[in-house]
Amino acid sequence: MGVPSPGLFGVIERLQGGMPWGSVLDAGTGARSAGWVSGLPSLRWTGVSADPDLLAKTRAAVAHQMRAGDRLIAGNWADPALLAGEAHDTVIAEYLLGALEAHAPYFQENLFLRLRPLVRRRLYVIGLDPYVAGRPGDAAGRLVQEIGRFRDACHLLAGETPYREYPAEWVADRLAGAGLRIRFAQRFPNHYDMRWVELQIATASALIARTADAALAKALAGQAAELRRHAQLLCDQEGGLVHGHDYLIAAEPG
């Protein structure tokens, strides 16, 4: 999963222009997106998450900003009853597609068909082009890929499902198939710093701690330390790790 610049939310605000936000749905909420959404001049907003722990952290982060009509809801988009009959002027899907694998695997193909009836005016999709596949051509790309693969391997060893990202072109095709017309689509280069590295290593380390095989856990911890060391050297030399892209797509009912 990416760690987006707050600038992507700024791009959404520029695209929105003078169009009223109205009722806003944060379809894959978290503290970061809810913190932004709760500051918009909306009529009301609703945040949905399939992760109860994440929802609790989000509620703690934004409770002081919530109005009487604002809601945080636990729910899974594979459930047809979730928000049935509702429609929202603005829908935000920030990294929702990548997170879906852990909560509704194999449902990605139907996600935008599922969200389409909820979109009254505009849908904004933020996603991350897959970076754990392919063959990067430079040292920074190879290291970012190695860190991502290591983190995902630790997820699998701990019995968890890692994020599964999809490219922007795949998303554009599914949006069109759901009857949504694309109004804006752009990629934004990713520049990873040591904060991103530390987050990935911390995630992997927490998963390693749950590994029953002590010898394997020790070896993985050593690999985590080596990845951190390598990343620190390369970040010091190059000012960060430039590799891959986030993307933002804005779509409207066709």
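Here are some notes on this predicted model, point by point.

1. **Ground rules.** The model is predicted, with local features needing pLDDT of at least 70 and side-chain atom pairs counting only at pLDDT 80 or more, while totals for chains, interfaces and linings use all residues. Residues are numbered from 1 along each chain as its sequence is written, and side-chain values use heavy atoms, with hydrogens and water left out.

2. **Helix H6.** H6 covers residues 139-157, so to speak a run of 19 residues, and spans 27 Å from its first C-alpha to its last, close to the 27 Å expected at 1.5 Å a residue. (Helices here are DSSP runs of H or I with at least four residues, strands are E runs of at least two, and both are numbered from the N terminus; the expected span is 1.5 Å times one less than the number of residues.) Just past the end of H6, Gly159 has a positive phi of about 80°.

3. **What H6 hides.** Its buried residues include Leu143, Val144, Ile147 and Phe150, and also Gln145, Arg151, Asp152 and His155. Buried means under 20% relative accessible area, exposed over 50%, and partly exposed in between, with a 1.4 Å probe and protein chains only. Among the elements covering these residues are strand S6 (180-192), helix H8 (194-208), helix H9 (214-238) and strand S7 (241-253).

4. **The cores.** Phe150 turns up again in the largest nonpolar core, which has 47 residues; Phe150 is among those with the most contacts inside it, along with Ile12, Trp36, Val197, Leu241 and Leu248. A second, separate core has 31 residues, including Leu25, Ile73, Trp77 and Val171. (A nonpolar core is a set of buried Ala, Val, Leu, Ile, Met, Phe, Trp, Tyr and Cys residues joined through side-chain atoms within 4.5 Å.)

5. **H8 against H9.** These two helices pack at an angle of about 180°, with their axes 10 Å apart. That makes H8 roughly antiparallel to H9. Axes are lines fitted to C-alpha atoms, for helices over the stretch in contact, with angles running from 0 to 180 degrees between N-to-C directions; under 35 degrees counts as roughly parallel, over 145 as roughly antiparallel, 65 to 115 as roughly perpendicular and the rest as oblique.

6. **Who meets whom there.** On the H8 side, Met194, Val197, Glu198, Ile201 and Ile208 make the contact, and their partners in H9 include Leu220, Leu227, Arg228 and Gln232. Contact means heavy atoms within 4.5 Å.

7. **Gly22.** This glycine sits in the loop between helix H1 (7-16) and strand S1 (23-26). Its relative accessibility is 7%, so Gly22 counts as buried. Beyond its neighbours within four places in sequence, Gly22 contacts Ser42, Leu43, Arg44 and Asp89.

8. **His103.** His103 belongs to helix H4 (residues 96-103) and counts as partly exposed because its relative accessibility is 35%. Setting aside neighbours within four places in sequence, His103 touches Ala50, Asp51 and Asn76.

9. **Two positive phi values to look at.** Leu83, in the loop between strand S3 (71-74) and strand S4 (88-94), has a phi near 55°, which is positive in a residue other than glycine. Tyr95, in the loop between S4 and H4, also has a positive phi near 55° without being a glycine. Leu83 counts as buried at 8% relative accessibility, and Tyr95 counts as buried at 2%.
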